[in-house]
Amino acid sequence: MLRDTIWLREQLRLALAMFPLIAGGCDVIDSAQAQPPIHMPSCPSGDFCAPAKAVRPLATNKVTKLGCPVELEEHHDDTNKDGLPTFSTANLDGEATKQSRAAHKAKPDDCCYQWMERCPGGRSLLGATSEPIVAATRAGIAWGRDARACELAPALREALAAGWLADALAEHASIASFARATLELLAVGAPPELIAETQRASLDEIEHARAAFALAARYGGRPVEPGALAIAAPRGGGTSRVARDVLVEGCIGETIAALCVSRAAAACEDAELAATLRAIAGDEARHAALAWKTVAWAVAAHGGTLVAELRAVAAEVRVASLRGELPAAEPLAAALAAHGRLDERARARAVRDAWREILDPTLARLG
């Protein structure tokens, strides 16, 4: 077992041990006991099939199987003229491709993929259909003043600037996610310890966002800041709904984020940046522990079938997270790592390790 996964799993084990599964003698009225589980993946993902000629321009390399590119690069087309979904990465699903061709004889060249839209950073702010909500950007120095242009190869500098900007916007949205979580906890009578920790986590995310915006400015050569953020209203549904949302957004999302940042810090060759990343990793680990404590409280308060419902939701997210082959390493992987960034392959490996060595064992401790 890897040392970083042991460290994080112990943090979560201690959190559950310090917050026993008891309701504290309080009677909690829950109007959602009969509500079925809600599937809300930590990042948007799904499947699609399309003719080979439609996906070939998106191929990241020349590797093919069944006449289809094995891996597709980022695709974002607001006009949706090509009919493809938006995604950060997509990998060929060979079995689905064979089944689609067998079922649709008129489409012998169809290629089927499992796609995912990246939602980096801390706890996501998810909308009504599980899409991550982030602010638009504008020029400004309110959130990050470091606009020194780095003397790096243009492709590397652009990749670093884009990556840190995506993280900055996600961390900025996490502020609102924790604020909404505070209101949702108050609505179901959560104890003050959980509410206080949730508000402190929101303050942590302000500092994370500032650090990421400064890095985006450093590599991008110009300062940027977030504009107005569309605020998502608190969600109803009682304690069971709160538990499911916290499981996906906090327990799963923050645990994976903590491991990713920890690994980014370990590979980073910039001492100052590595120290910043280690601090952020520690914060994300605390946020993950908070999420698990919140779920433990909800299980004790709600009772009934909640543990089974949570495991069913986790199983769906697990399948979506681990489906498909690991992507190939990016050409800039080593250079990105030196500057505190994980490439898609390293991220995918961290997700797999998080599930197998941290999330699965911690889920087994519930109930």
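Predicted model: local features only at pLDDT ≥ 70, side-chain atom pairs only at ≥ 80, totals over all residues.
This is a guided walk through the structure above, from its overall make-up to a few single residues.

Residues are numbered from 1 along each chain as its sequence is written, and side-chain values use heavy atoms, with hydrogens and water left out.

Let's start with the whole protein. Its secondary structure comes to ten helices and eight strands; these are DSSP runs, with helices (H or I) of at least four residues and strands (E) of at least two, numbered from the N terminus. Of the 367 residues, 53% count as buried. Here buried means under 20% relative accessible area, exposed means over 50%, and partly exposed is in between, using a 1.4 Å probe and protein chains only. A contact means heavy atoms within 4.5 Å. Among contacts with a separation of 6 or more, residues 24 or more positions apart account for 80%.

Now look for the places where nonpolar residues gather. In soluble globular proteins, nonpolar side chains tend to be buried together. A nonpolar core is a set of buried Ala, Val, Leu, Ile, Met, Phe, Trp, Tyr and Cys residues joined through side-chain atoms within 4.5 Å. The largest such core has 73 residues, and those with the most contacts inside it are Trp164, Leu247, Ile256, Leu277, Trp292, Val295 and Trp355. Which elements give two or more residues to this core? They are helices H1 (3-18), H4 (154-187), H5 (192-220), H6 (238-267), H7 (271-302), H8 (306-322) and H10 (344-364). H7 gives the most, with 17 residues.

Leaving aside neighbours within four places in sequence, Trp164 is in contact with Ala212, Leu215, Ala216, Tyr219, Leu273, Leu277, His339, Gly340 and Arg341. Apart from this core lies another, of 14 residues, among them Phe48, Ala50, Cys111 and Tyr113.

On a 1 Å grid over the protein atoms alone, a cavity is a set of points where a 1.4 Å probe fits but cannot get out, and its lining residues have an atom within 4 Å of a point. Grid points are joined across faces, edges and corners, and a volume is the space filled by probe spheres set on the points. By this rule the count comes to two cavities of 30 Å³ or more.

Next, turn to helix H3 (residues 94-103). Its buried residues are Thr97, Ser100 and Arg101. Seen down the axis of H3, these fall within an arc of 95° (taken from the directions from the helix axis to the C-beta atoms), so they line one face of the helix. An α-helix has 3.6 residues a turn, so residues three or four places apart point the same way. On the other side of H3, Gln99 and Ala103 are exposed.

What caps the N-terminal end of H3? Asp93 does, with a side-chain oxygen 3.3 Å from the backbone nitrogen of Glu95. Asp93 lies in the loop between strand S5 (89-92) and H3, and at 14% relative accessibility it counts as buried. Leaving aside neighbours within four places in sequence, Asp93 is in contact with Cys112, Tyr113 and Arg323.

Cys68 is buried, with a relative accessible area of 0%. Again leaving aside neighbours within four places, Cys68 is in contact with Val63, Leu92, Thr97, Arg101, Asp110, Cys111 and Tyr113. Thr97 and Arg101 are among the buried residues of H3, and Cys111 and Tyr113 belong to the core of 14 residues.

Finally, visit two loops. Leu66 sits in the loop between strand S2 (64-65) and strand S3 (68-69). Leu66 has a positive phi of about 55° although it is not a glycine, and it counts as partly exposed at 38% relative accessibility. In the loop between strand S4 (71-72) and S5 we find Glu73 and Phe87. Is each one buried or partly exposed? Glu73 is partly exposed, with a relative accessible area of 37%, whereas Phe87 is buried, at 0%.

Conventions:
Polar contact = N/O pair within 3.5 Å; in protein donor to acceptor, adjacent residues only side chain to side chain. 1 Å grid on protein atoms, 1.4 Å probe; cavity = no way out; pocket = protein on both sides within 12 Å on 5 of 7 lines; lining within 4 Å.
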